[in-house]
Amino acid sequence: MSEFLFKAILQEDGWQENVVIKTNTKGIVESICSDCERKGFRDFAVPGFQNAHSHAFQYAMAGLAELHSVSNSKLQNDFWSWRKAMYDLALNITPNQMENIASMLYKEMLRNGYTHVAEFHYLHHDLNGGRYDNLSEMGERIVAAAKRTGIKLTLIPIFYQNGGFGRPAEKQQRRFISNSLDNYLKLLEASNLSAKNYEEASVAYGIHSMRAVSPENIIALTKIKSENIPLHIHVSEQLKEIQDSIDFLGARPVEWLNRNVQLDNDFHLVHATHLVDEEINAIARSGANVVLCPSTEGNLGDGLFPLNSFLIKGGKWSIGTDSHVGLNPFEELRILDYGQRLVTHNRNTFGNNLSGDNGNIALANALINGRKAMGVNQKAYFEIGKSLDALVISEEHPLVNLTSVKNLSNMLVYSSDPSMYKGSLVNGQWKILNGQHKDDQIHEKFIQTLSELKVR
């Protein structure tokens, strides 16, 4: 049994002070005592964050797609030119390198307060596009990386069939492809076997995008999927994608989904950047969730999600770091908010007609809906009978030490940085403490991998 004494912990109804949390040997919370008469209370705890959208291998190219063409050619410095650089990396990563990259990334996620990640994984096949003997070889390396670092994992093997609406896959997409629904289901089965290697791993469904899977297979998969298992899909990220959808399907992406599949709380629509009112209403009515990745969406020039209209309709959202140009959950919330302020000229982005406490409202959406994206149904932040997963904020930083609990959530969302973090707990165990992970080989192997790839 372990005992943790915190000056305050953030619960769904606000900060509770002078808290003693006791856990059993597996890190499951056995008791939570607030306003306890004890000595030795230190630091502050917020629930561990869920990173609801990750492409682990892309961490190897973080910050490398910023040397832009200035010629007068038709080459645009946009998502599609970035995608070419991403393909160049994806075509060269071996299973060992995948494990090393993911291990470094997951360690850094833990250092920033993420304790659970949804890995949107589509790098399935060997360098030539052939199948490994283990269909889930690359996914198994991701599981191994999560186990090594101690982060919880929802592995999402992605159904990637086509090169675009009605177009066959391109050569540079050869490592991604499942050419039929049956082949995808075999990959899914193999992924479930890989997840058995780590007790904190689970598997969810994933469709890369509307353009990458045939309409009939999208419909078929949504009909046969198990209930209460998340299904993630990229949707409406780029204007070109929307126009292509209209040309091929006769409808916008979310419009088509709403007409042809039964959207519900299991669906997690990644980005959904460009929506019209009809689509906003459809998502909100269905209970489907949107996964927003503000640092990546800004980096790629995707556009601004219509958050204000979405919130008015009661829409639900979570956050992810996607290409990992940023890895701080509080920063994702800041970028999301500031983008909205610049177009609405209103500083009360998240508050709407609620409390007006932007920090607490933003954290509630990121945490509760983030858990849904992982397949976890837990609304209480810290709960007896559940694991103790937390980002611990050090009291030693003066901004932390001198801020009242009334203002603490907003200070963290709008003014914090990793220098304030003492560490991260997963299942009641320190995975990061004072910025350090116990496995000091992760860093070395990552450097070795980047040297081998020669991408930086």
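Colleague: Which residues of the largest nonpolar core touch the most other members?

Modeller: In this predicted model, the largest nonpolar core holds 135 residues, and F57, I93, Y106, L153, L257, W317 and F350 touch the most other members.

Colleague: What does L153 contact, once its neighbours within four places in sequence are left aside?

Modeller: L153 is in contact with Y106, H116, V117, E119, I142, V143, A146, E200, A201 and S202. By contrast, the C-alpha atoms of L153 and H443 are 20 Å apart in space, and these two residues are 290 residues apart in sequence.

Colleague: F350 was also named. Which residues does F350 contact, leaving aside its neighbours within four places in sequence?

Modeller: The contacts of F350 are L307, L311, W317, L333, L336, D337, N358, I361, A362 and Y414.

Colleague: L257 belongs to helix α7. Which residues of α7 are buried, and what covers them?

Modeller: In α7, residues 253-260, the buried residues are P253, V254, E255, W256 and L257. Their cover includes α5, β10, α6, β11 and α8.

Colleague: Let us turn to helix packing. How do you describe the way α2 and α3 cross?

Modeller: Two packed helices are described by the angle between their axes and the distance between the axes. For α2 (residues 95-111) and α3 (residues 137-149), the axes come within 8 Å and cross at roughly 35°. The crossing of α2 and α3 is right-handed.

Colleague: Which residues of the two helices meet?

Modeller: From α2, the residues are P95, N96, M98, E99, A102, S103, Y106, K107 and L110; from α3, they are E137, M138, R141, I142, A144, A145, A146, R148 and T149. By class, this contact has 10 nonpolar, three polar and five charged residues.

Colleague: How many aromatic pairs are there?

Modeller: The count comes to 16 aromatic pairs, where ring centres must lie within 6.5 Å.

Colleague: Why is the pair of F49 and Y114 called what it is?

Modeller: Planes over 60 degrees apart count as edge-to-face. The rings of F49 and Y114 have centres 6.3 Å apart and planes at 70°, so the pair is edge-to-face. The pair links distant parts of the chain, with F49 in strand β5 and Y114 in strand β6, 65 residues apart. Both F49 and Y114 are buried.

Colleague: What makes the pair of F165 and F248 belong to its class?

Modeller: Planes under 30 degrees apart would count as stacked and planes over 60 as edge-to-face, with the rest tilted. The planes of F165 and F248 stand at 40°, with 6.0 Å centre to centre, and the pair is tilted. F165 is in the loop between β7 and α4, while F248 is in helix α6, 83 residues apart.

Colleague: Are F165 and F248 buried or partly exposed?

Modeller: The limit for buried is under 20%, and partly exposed lies between that limit and over 50%. F165 has 12% relative accessibility and therefore counts as buried. F248 has 43% and therefore counts as partly exposed.

Colleague: Which residues form an aromatic cluster?

Modeller: F57, Y87, Y122, Y160 and F176 form one aromatic cluster.

Colleague: What is noted about the phi angles of N18 and H324?

Modeller: N18 has a positive phi of about 50° although it is not a glycine. H324, also a residue other than glycine, has a positive phi near 70°. N18 is in strand β2, and H324 is in the loop between β13 and α11.

Colleague: How is each of N18 and H324 classed by accessibility?

Modeller: N18, at 31% relative accessibility, counts as partly exposed. H324 has a relative accessible area of 3% and is therefore buried.

Terms used:
Residues numbered from 1 in each chain as written. Predicted model: local features only at pLDDT ≥ 70, side-chain atom pairs only at ≥ 80, totals over all residues. Heavy atoms only, no water. Axes fitted to C-alpha atoms, helices over the stretch in contact; angles between N-to-C directions. Helix = DSSP H or I, 4+ residues; strand = E, 2+ residues; numbered from the N terminus. Left-handed = near helix turned anticlockwise from the far one by under 90°. Contact = heavy atoms within 4.5 Å. Nonpolar A, V, L, I, M, F, W, Y, C, P; charged D, E, K, R; others polar. Buried < 20%, exposed > 50% of the residue type's maximum accessible area, 1.4 Å probe, protein only. Core = buried A, V, L, I, M, F, W, Y, C linked by side-chain atoms within 4.5 Å.
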